[in-house]
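Reader: I would like to go through this model by question and answer. Please keep to what can be computed from the atoms.

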Amino acid sequence: MRTVTLTYPMPPETATQWAQPQVVALGQFDGLHLGHVSVIASAVALARKEGVPAAVMTFHPHPKDVMGKGDYEGYLTPQADKQKLLADMGVDILYIVEFNEQLSRVSPQNFVSVMLLPLHVITAVVGFDFRFGYQGEGDAEMLSELGGGSMNVETVPPFLLNGEKVSSSGIRKSLQTGELELANAWFGRFYHLRGMVGHGEKRGRTIGFPTANLQLDDRFVTPAKGVYAVRVFYNDQVLHGVMNVGVKPTFHEGVIAPSFEVHLFDFAGDLYDKHLKVELVSYIRPERKFESIPALIAQIGQDSETAKQLLQQYL
């Protein structure tokens with residue numbers, strides 16, 4: 001997959017370089033959840049049928065992040081993860097349009113005439129609720145009209161799971177309220193975090209449960225505080241463990257920023273400065289303050305046994 005960064009207005013030489021008959025899935029695709037996958041898969045299938053490249057056009061940073069609107073507190077699927085997932089789906093070209101205040105004020109007419117038609121897009125594939133242009137004035141019907149007969153538009157219906165519409169906002173809410181099973185089902189995969197292992201307080205080793213202090217390398221959505229059963233990808237290994245997301249109230253007061261500490265089962269290596277991908281498989285319990293260190297140790301032991309049982313099917 002080729003990744004192309006675009007800016008508005010698109011320079012003529014850029015348009016010339018990438019202009020070719022192509023099918024483009026158009027949208028933010030923040031979560032790349034099952035609903036987004038259905039849109040992109042439709043575009044890929046149509047492109048294969050037409051014998052042209054399958055492309056995705058998305059925007060970065062997220063418009064809500066730039067405009068400071070809504071409850072936007074991080075990415076469900078940061079850019080690096082998004083690129084890998086799209087490549088695995090068979091996308092040939094990924095257009096990443098730089099979103100800034102200038103682009104936020106572009107009319108639907110100008111967006112189509114400057115960013116889509118010069119690329120010779122023969123079909124734009126969008127979700128049922130797609131909006132574009134200044135203040136979301138444009139929709140799929142307007143997109144088709146602005147295509148002027150040279151660009152078709154296909155609209156993909158909402159993706160329903162157990163009668164509910166899969167959405168990024170729903171996944172965010174589920175992650176933040178501890179409904180991890182629902183979030184993972186709507187993703188179609190396990191939600192994950194990535195980062196380097198840094199030097200923490202080293203308290204875990206003193207109580208028999210050494211932990212890797214994960215320093216996130218992107219602005220991920222922070223899940224609910226608590227303990228999770230996790231799968232950890234390190235080099236070519238898949239390791240099992242428990243992760244605590246929170247402020248460690250047994251040891252601290254007044255801490256706001258959460259930490260991400262992973263205890264791995266049956267692992268004794270040095271992980272400092274190593275990169276880990278941590279999949280959140282199951283939410284075990286909320287974070288809470290313990291009356292004593294022995295009580296905390298006993299609970300961690302119980303959490304570990306619970307996690308081992310939950311992860312048994314993934315051995």
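Reader: How many bridges join strand E9 to strand E10?

Author: This is a predicted model, in which local features need pLDDT of at least 70 and side-chain atom pairs count only at pLDDT 80 or more, while totals for chains, interfaces and linings use all residues. Residues are numbered from 1 along each chain as its sequence is written, and side-chain values use heavy atoms, with hydrogens and water left out. Strands (E, at least two residues) and helices (H or I, at least four) are DSSP runs numbered from the N terminus, and two strands pair if DSSP finds at least two bridges between them. E9 covers residues 191-198 and E10 covers residues 212-216; they run antiparallel, and the number of bridges joining them is four.

Reader: Which residue of E10 is the bridge partner of Gly195?

Author: E9 and E10 run antiparallel. The E10 partner of Gly195 is Leu216.

Reader: What is the strand order of the closed barrel?

Author: The barrel has six strands with antiparallel pairing. Its neighbouring strands are turned against each other by 45° on average, direction ignored. The order is E9-E10-E13-E12-E11-E14.

Reader: What angle does helix H9 make with E14?

Author: H9 (residues 180-187) packs on the sheet and touches E9, E11 (226-234) and E14 (275-286), where contact means heavy atoms within 4.5 Å. Axes are lines fitted to C-alpha atoms, for helices over the stretch in contact, and angles run from 0 to 180 degrees between N-to-C directions. The angle between H9 and E14 is about 135°.

Reader: What covers the buried residues of helix H8?

Author: Buried means under 20% relative accessible area, exposed over 50% and partly exposed in between, with a 1.4 Å probe and protein chains only. In H8 (residues 168-176), the buried residues are Ser168, Gly170, Ile171, Arg172, Ser174 and Leu175. Their cover includes helix H2 (34-50), H9, E9 and E11.

Reader: Which residue just after H8 takes a positive phi?

Author: H8 ends at residue 176. The phi in question is about 85°, and the residue is Gly178.

Reader: Is Ser167 buried or exposed, and which residues does Ser167 touch?

Author: Ser167 lies in the loop between strand E8 (164-165) and H8. Its relative accessible area is 15%, so Ser167 counts as buried. Not counting residues up to four places away in sequence, Ser167 touches His33 and Trp186.

Reader: How far apart in space are Met151 and Leu116?

Author: Met151 is in the loop between helix H7 (140-146) and strand E6 (152-156). With a relative accessible area of 1%, Met151 is buried. Beyond its neighbours within four places in sequence, its contacts include Val112, Leu116, Leu143 and Ser144. Met151 and Leu116 are 35 residues apart in sequence, and their C-alpha to C-alpha distance is 8.8 Å.

Reader: Which residue of E3 is the bridge partner of Ala25?

Author: Strand E3 (residues 54-60) has six of its seven residues buried. Strand E2 (residues 22-26) pairs with E3 in the parallel sense over four bridges. The E3 partner of Ala25 is Val56.

Reader: What share of the residues in the protein is buried?

Author: The secondary structure comes to ten helices and 14 strands. The C-alpha atoms fill a box of roughly 70 × 40 × 40 Å along the principal axes. Of the 315 residues, the buried share is 49%.
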